[in-house]
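Let's take a walk through a protein chain together. Have a look at the sequence and the model, and then read on.

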Amino acid sequence: MGSHYQLGYFAHSKKDYNTQKESLIYKFICDNFAGHIICPNKHLGELHSIESYLSIVKKTDCVFVTETNGYLGKGAFTECSIALDNGIPVYAIKQNQNGCYFEKVTNVFQTSKYNLFEYGFIESAKIPNYKIN
């Protein structure tokens, strides 16, 4: 990859905070990204407004996101939207029987105004299996 990223942000559902799923995916990102990863619940805590998280997202070089049951919660959806709007690359972490892999997010779509945990979904494209550096 031509760019060298320094700072990434891990956008994910609050349902996945402090779970084995979060730990496994965070480790995968750290093992395959040559920079520092901000995990909001581990490194930031409760900031009480989405704007605080979005201001941090705008300062990152890339965003990593996971879906829960095929959807993004409102927070992760908004974080990905702001990243894409600001030209910040977003990478989805997908899982299959062989483990985790990256897909490049090309767009996000809102599916609900009322269900905060099934608020939207991502459109992504497969990329070669390599480390993000």
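First, some ground rules. You're looking at a predicted model, where local features need pLDDT of at least 70 and side-chain atom pairs count only at pLDDT 80 or more, while totals for chains, interfaces and linings use all residues. Residues are numbered from 1 along each chain as its sequence is written, and side-chain values use heavy atoms, with hydrogens and water left out.

Now the layout. The chain has four helices and six strands, which are DSSP runs numbered from the N terminus (H or I with at least four residues for helices, E with at least two for strands). Starting at the N terminus, their order is β-α-β-α-α-β-α-β-β-β. Take the contacts (heavy atoms within 4.5 Å) with a separation of 6 or more: 64% of them are between residues 24 or more positions apart.

How much of the chain is buried? Of its 133 residues, 43% count as buried; that means under 20% relative accessible area, with exposed being over 50% and partly exposed in between (1.4 Å probe, protein chains only). The chain exposes about 7100 Å², and carbon and sulfur atoms supply 49% of that. These areas come from the Shrake-Rupley method with a 1.4 Å probe, and for residues only the protein chains shown count as cover.

On to the charges. Side chains of opposite charge can pair when their charged atoms come close. The rule for a salt bridge is a side-chain nitrogen of Lys or Arg within 4 Å of a carboxyl oxygen of Asp or Glu, and by this rule there are three.

One joins Lys21 and Asp16, with 3.2 Å between the closest N and O atoms. Lys21 is partly exposed at 26% relative accessible area, whereas Asp16 is buried at 7%.

Another pairs Asp31 with Lys27 at 2.7 Å. Asp31 is partly exposed, at 41%.

Lys94 and Glu67 also form a salt bridge, at 2.8 Å from N to O. This pair links distant parts of the chain, 27 residues apart: Lys94 is in strand S4 (residues 90-96), and Glu67 is in the loop between strand S3 (62-65) and helix H4 (74-85). Lys94 is buried, at 18%.

Finally, find helix H3 (residues 50-57), whose buried residues are Tyr53, Leu54, Ile56 and Val57. They cover an arc of only 155 degrees around the axis, so they lie on the same side of H3. That arc is taken from the directions from the helix axis to the C-beta atoms.
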